Amino acid sequence: MSEIIHCRQVEFRYDQEFALKDFSFHVRRGEVVALLGPNGAGKTTSVRVMNGLLPVDAGSVSVFGMPVYENGAEIRRRSGVLTETPALYERLSAMQNLHFFGTMADLEKGEIAARSKLMLDVFGLAERADDRVDTFSKGMKQRLAIARAMLHDPELLFLDEPTSDLDPEAARQVGDTIREISAREKRTVILCTHRLFEAEQVCDRVAIMKKGRVMASGTLDDLRQAVSPQIAVRVRIAAPFLADEIAWLKKQSGISAVDLVEKNEIILKVADETATPLVVAYFVNKGASILAVEPKRASLEDIYMHLQQNARKEKA
Amino acid sequence: MNTRRVVAIARKDWIEVRQNKYAWMPMLILPMIFVVLMPLVFTLILPALAVDPQDVLSSDQDIEFFINQMPEAMLRHIDLDKPMEAMIVTMLGFLFAPMFLILPLMYATIIASESFAGERERKTIEALLYTPASDAELLLGKVAAAAIPSLAATWIGFVIYTLILNIAPYAHFQRIWFPLPTWWPLIFWITPALVVLGIALTVIISAKVQNFLGTYQTSGSVVLLVVALFAGQITGALYLSVMVEMIIGAVLWVAAGVLGLVAVRTFNRKALLAGSKQ
C-alpha cells in the first residue's frame with residue numbers, strides 16, 4: 001500500500017503556544033487510522049495542517065505525495081472532512097447545503113444533483129431533503145455532515161469527533177455509518193476521537209497523541225506487544241484453590257504470574273493463549289468444577305490509559 | 001479565480017441574510033423612513049395639514065442659515081418665491097441628502113457582519129475553509145454578497161425616492177425637478193465608496209469581534225461619518241456641492257482602498273482559525 005499521508009517532525013504554534021510538536025504520522029492508502037488523545041492533544045490542529053489550512057512552523061507534511069500548504073486546494077478537492085461540529089448552514093435545507101458544498105468542490109451541476117440524492121439516500125435523509133437543517137436532530141445533522149464530507153467522493157476522509165455530543169443511540173447510528181464506509185467503500189479514513197471503543201471497533205491502526213505529539217502508533221496488537229504483551233486469564237472454580245494447585249501453576253513456564261483474587265478465583269498472566277488449554281486440562285484432571293475461564297487481552301483503553309499515565313509520570 | 005465558487009458563496013450568504021430577521025428588519029424599516037415616509041411627510045402630509053412652508057423654513061435658525069450661506073450653484077435650484085417648492089427642495093433635495101448615505105452603509109455593514117462574523121459565530125466557517133476555494137475566492141464571494149445587494153437596494157431606494165419626489169408634489173412643481181445635480185455623485189461616486197469602506201471595516205472588525213451583533217454595532221459606528229456630513233451642512237461648514245462631493249468621494253475611495261488592503265491581509269485561513277485553537 002502506498003503512503004497517502006506523511007508528516008515528519010511537524011511543529012505548529014498558535015501564537016507562542018505549541019499545538020503540534022515533533023508530530024510524526026504516516027497513513028497508507030486504504031487504512032482506517034484513529035488519532036486518539038485527550039482534548040487539546042492536537043488532533044484537530046493536525047487535521048487542519050494535513051488539509052493545508054495552516055502552515056507548519058517546522059517539519060514536513062505531504063498528502064497524496066504533495067507538499068500540503070502549497071497544494072492545499074488540490075488536497076482539499078481530494079479529501080473530505082467532517083468537522084468537530086457539523087458546521088452546517090442551519091437556515092438552508094439539507095439539499096441546499098449539499099448543493100453549495102458540491103459547487104465548492106467543483107462538481108458539475110448534474111453530478112451534484114445525483115451525488116446529493118445518493119448521499120441523502122445512503123444516510124437516511126432523503127425524506128427530509130428540502131427541510132431546513134435547524135429542524136433536524138443532532139444525529140441527523142451529524143449524518144448530513146458526513147454526507148457532505150463524502151459528497152465529492154473523496155479518496156481520503158477525516159472524521160473529527162464524529163460521535164461527540166451525541167446521545168448513545170445517535171452515536172451508534174454514526175458509528176455504524178463509519179463502519180459501513182470503511183468496510184464497503186475501502187476509503188482511507190482518519191478518525192479523530194477520544195472514544196476508545198469506537199476506535200477499537202473501526203480502525204486498522206491507532207496513533208495515540210498527547211500534547212501535540214504521537215506517543216505510540218501501530219495496530220492494536222503492535223501496541224499490546226509494546227505496552228502490555230501478556231494475556232490475563234481469569235479462572236474461577238466451584239471450590240477454593242488449594243496451595244498445591246497454586247504452586248503447580250507457578251511452576252509452569254508459560255505462566256508468569258498467579259494472582260489469587262478470591263478463594264475460588266485467580267488471574268493468570270500468560271505469554272500466549274497456548275497456556276490456557278493446559279490449565280483447563282489440569283483442573284479437569286483434578287476433578288474441579290470449572291465455572292469460568294476468560295482470557296483477556298489488554299484493550300485499547302488499557303493501552304491508552306497506560307500510555308497517558310506514563311506520560312504524566314515522565315512529566316512529573 | 002473560480003467565478004462559480006464566488007457566485008455560490010455570494011448566493012448562499014444572501015439566502016442566509018434573508019433568513020435572519022435581525023439582519024433584514026432594519027434593512028426594511030430605515031429605507032421606509034428615509035425613502036418613503038419622510039418624502040411623503042414633506043410633499044403630502046404637511047401641505048394637507050395646511051402648514052405654512054415659510055414657517056418650516058424659518059422655524060429653525062439652522063435651516064435659515066443653511067439657505068442664506070448656500071453656494072450660488074445650489075441656491076439656483078431653490079425658488080424662494082415659491083415657499084412650498086423651496087421647502088421641499090431645501091429639505092428633501094439638499095438638507096437630508098447626506099442622510100440617504102446611511103442606507104448603503106447600513107446595508108453593507110449588516111450583510112457583511114452576517115456574512116463574516118455570523119459565519120464564525122455559527123461555527124460554519126471551518127467547513128467552508130475545508131473546501132478547495134482559495135482565500136481570495138472566499139473573500140470575494142463574501143464581499144459580493146454584501147456589496148451587490150447593498151448597491152442594488154440603495155439604487156432602488158434612490159429610484160423610489162425620485163419617483164415620490166416628482167410625483168407626490170407634482171401639483172406644486174408642474175415639472176420633473178429631481179434628481180438635483182448634486183445627487184449623481186452622491187449616489188454613483190460616494191455610495192459605492194461607502195459600501196466598500198463599510199465592508200472592509202467589517203472584515204477587519206470581524207477578525208476581533210466574533211459575533212454578528214457585536215460586529216454590526218462596531219462597524220455601524222462608521223455612520224458617524226454621515227452624521228458629520230449632515231452636521232457640516234446644517235452648520236454651513238460644508239455644503240455638498242458637486243465638487244465637494246467629488247472630493248469627499250475620492251477621500252472615501254482612498255480610505256476604502258487602504259482598509260480593503262488591511263482586510264485582505266486579515267482574511268486568511270490561519271487568522272480565521274486562530275480563534276478556535278484545538
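The legends below describe close-up views of a predicted model.

**View 1. Axes of helices α3 and α5 in chain A.** Helix α3 (residues 94–104) of chain A packs with its axis within 9 Å of the axis of helix α5 (residues 138–150) of chain A. The two axes cross at roughly 25°. Because angles under 35 degrees count as roughly parallel, α3(A) and α5(A) are described as roughly parallel to each other. The crossing of α3(A) and α5(A) is right-handed.

**View 2. Residues in the contact of α3(A) with α5(A).** From α3(A), the residues in contact are Ala94(A), Leu98(A) and Phe101(A). They meet Leu144(A), Ala147(A) and Arg148(A) in α5(A). By class, this contact has five nonpolar residues, one charged residue and no polar residues.

View 3. The closest cysteine sulfur to that of Cys7(A) belongs to Cys192(A), at 11 Å. A disulfide requires sulfur atoms within 2.5 Å, so this distance is too far for a bond. Cys7(A) is buried, with a relative accessible area of 1%.

View 4. Cys192(A) has 0% relative accessibility and counts as buried. Over all chains, the count of disulfides comes to zero.

Definitions and conventions
Residues numbered from 1 in each chain as written. Chains lettered and ligands numbered in written order. Predicted model: local features only at pLDDT ≥ 70, side-chain atom pairs only at ≥ 80, totals over all residues. Heavy atoms only, no water. Axes fitted to C-alpha atoms, helices over the stretch in contact; angles between N-to-C directions. Helix = DSSP H or I, 4+ residues; strand = E, 2+ residues; numbered from the N terminus. Parallel < 35°, antiparallel > 145°, perpendicular 65-115°, else oblique. Left-handed = near helix turned anticlockwise from the far one by under 90°. Contact = heavy atoms within 4.5 Å. Nonpolar A, V, L, I, M, F, W, Y, C, P; charged D, E, K, R; others polar. Buried < 20%, exposed > 50% of the residue type's maximum accessible area, 1.4 Å probe, protein only.
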